[in-house]
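Q: I have a structure to go through and I'm new to it. Can you walk me through it?

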Amino acid sequence: MISLSDLRQFKQQGRKFSCLTCYDASMAKAMEKAEIDTILVGDSLGMVIQGHDSTLPVTLEDMVYHTAAVRRGNQHAFLMTDLPFLSYANVEAAVAGARAVMQAGAQMIKFEGGAWLADTVQVLTRNGVPVCVHLGLTPQSVHVFGGYKVQGKTRDAADALIADCQAVVDAGAAMLLLECVPAQLGKEISALFPEVPVIGIGAGVDTDGQVLVVQDMLGLNYGHVARFVRNFMQEQSGATAIQDAFNAFHVAVLDQSFPATQHTFQVEL
Ligand code: KIV
């Protein structure tokens with residue numbers, strides 16, 4: 001089973017790593033066969049599994065249920081799980097949530113935030129819970145942003161985001177996830193923290209890992225398709241196509257053919 005130290009080593013070696021979201025055991029098994037490096041049990045399940053129009057209705061119980069199912073299906077990938085909306089607004093709640101998902105099989109928790117969560121990151125880390133902080137476009141704050149919009153598009157906004165990364169890394173964050181930021185900013189942040197693997201989604205080719213929502217990369221997206229999505233299913237055919245799509249994604253991340261320029265946000269900072 002891949003560990004956090006394996007991911008750190010990948011970063012030091014310049015070996016990129018693949019990550020997909022996953023919510024059930026059979027997809028998890030197919031990802032194991034494709035040797036996908038990391039799995040995120042994302043609160044995106046509120047949209048792609050439960051049919052809500054945001055991640056806000058997802059509960060901690062949902063995250064525990066799906067984490068346990070994924071862990072049963074996959075013994076290879078490093079497994080991280082989201083803490084859902086408002087379940088980590090104070091340290092005590094975050095500790096209880098982390099306990100629940102780690103006991104269900106997660107190896108790391110992820111939550112959305114920045115410098116204001118540094119104390120929470122520190123308490124969890126000191127108590128044996130590795131933390132990934134999700135920055136940039138943080139979908140749980142969709143109503144604050146007024147939509148799903150690219151973040152960090154000016155030098156000032158990019159510097160503010162870097163300061164948030166610095167604060168949570170100083171507090172002990174073991175991983176960062178950047179969503180929908182200019183490719184240049186993804187590159188800068190990945191280079192700034194040599195010990196901390198950085199996963200990107202719409203953050204350019206230079207982050208250490210790449211994640212996609214599994215339904216998006218299989219073409220099971222009937223609404224707006226984000227710029228950063230590549231449909232790996234279109235290139236495949238036959239009865240084992242899902243398996244082939246996962247294999248193709250893993251290879252494309254490692255050889256850096258994904259994301260290509262058309263999947264990234266090019267902004268001069
Ligand atoms: O919940 C999720 O699937 C995520 C990804 C979009 C990174 O956080």
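A: UniProt positions are given in the numbering used here, feature names are shortened, and annotations may be inferred rather than shown by experiment. This is a predicted model, where local features need pLDDT of at least 70, side-chain atom pairs count only at pLDDT 80 or more, and totals for chains, interfaces and linings use all residues. Residues are numbered from 1 along each chain as its sequence is written, and side-chain values use heavy atoms, with hydrogens and water left out.

Q: Ok, which residue does the UniProt annotation "active site" cover?
A: The annotation, from an unreviewed entry, covers Glu 179.

Q: Where is Glu 179 found?
A: Glu 179 is in strand E6, residues 175-179. Helices (H or I, at least four residues) and strands (E, at least two) are DSSP runs, numbered from the N terminus.

Q: Does Glu 179 count as buried or exposed?
A: Buried, because its relative accessibility is 10%. Buried means under 20% relative accessible area, exposed over 50%, and partly exposed in between, with a 1.4 Å probe and protein chains only.

Q: What does Glu 179 touch?
A: Leaving out residues up to four places away in sequence, Glu 179 touches His 134, Leu 135, Gly 136, Leu 137, Pro 139 and Ile 201. Contact means heavy atoms within 4.5 Å. The side chains of Glu 179 and His 134 are also joined by a polar contact of 2.9 Å. A polar contact is a pair of N or O atoms within 3.5 Å; within protein, one must be able to donate a hydrogen and the other to accept it, and residues adjacent in sequence count only if both atoms are side-chain atoms.

Q: Which residues are around the ligand?
A: Among them are Asp 43, Ser 44, Asp 82, Lys 110, His 134 and Glu 179. A residue is near a molecule or strand if one of its heavy atoms lies within 4 Å of it.

Q: And what lies 2.5 Å from an oxygen atom of the ligand?
A: A polar side-chain atom of Ser 44. For Lys 110, a polar side-chain atom lies 2.9 Å from a ligand oxygen, and for Asp 82 the distance is 3.1 Å. The ligand has 260 Å² of accessible area on its own, and the protein covers 95% of it. Accessible areas come from the Shrake-Rupley method with a 1.4 Å probe; for residues, only the protein chains shown count as cover.

Q: Switching topic: how many residues has helix H4?
A: Helix H4 has 14 residues, 60-73, and reaches 20 Å from its first C-alpha to its last, close to the 20 Å expected at 1.5 Å a residue. The expected span is 1.5 Å times one less than the number of residues.

Q: What do the buried residues of H4 pack against?
A: They pack against helices H2, H3 and H5 and strands E2 and E3. His 66 and Val 70 are among the buried residues of H4.

Q: What about Lys 11, buried or exposed?
A: Lys 11 is buried, because its relative accessible area is 12%. Lys 11 is in helix H1, residues 4-13. Its side chain reaches the backbone oxygen of Val 196 at 3.0 Å, and a polar atom of that side chain lies 3.0 Å from the backbone oxygen of Phe 193.

Q: Which peptide bond is cis?
A: The bond from Phe 258 to Pro 259 is cis, with omega near 0 degrees. Pro 259 lies in the segment after helix H11.
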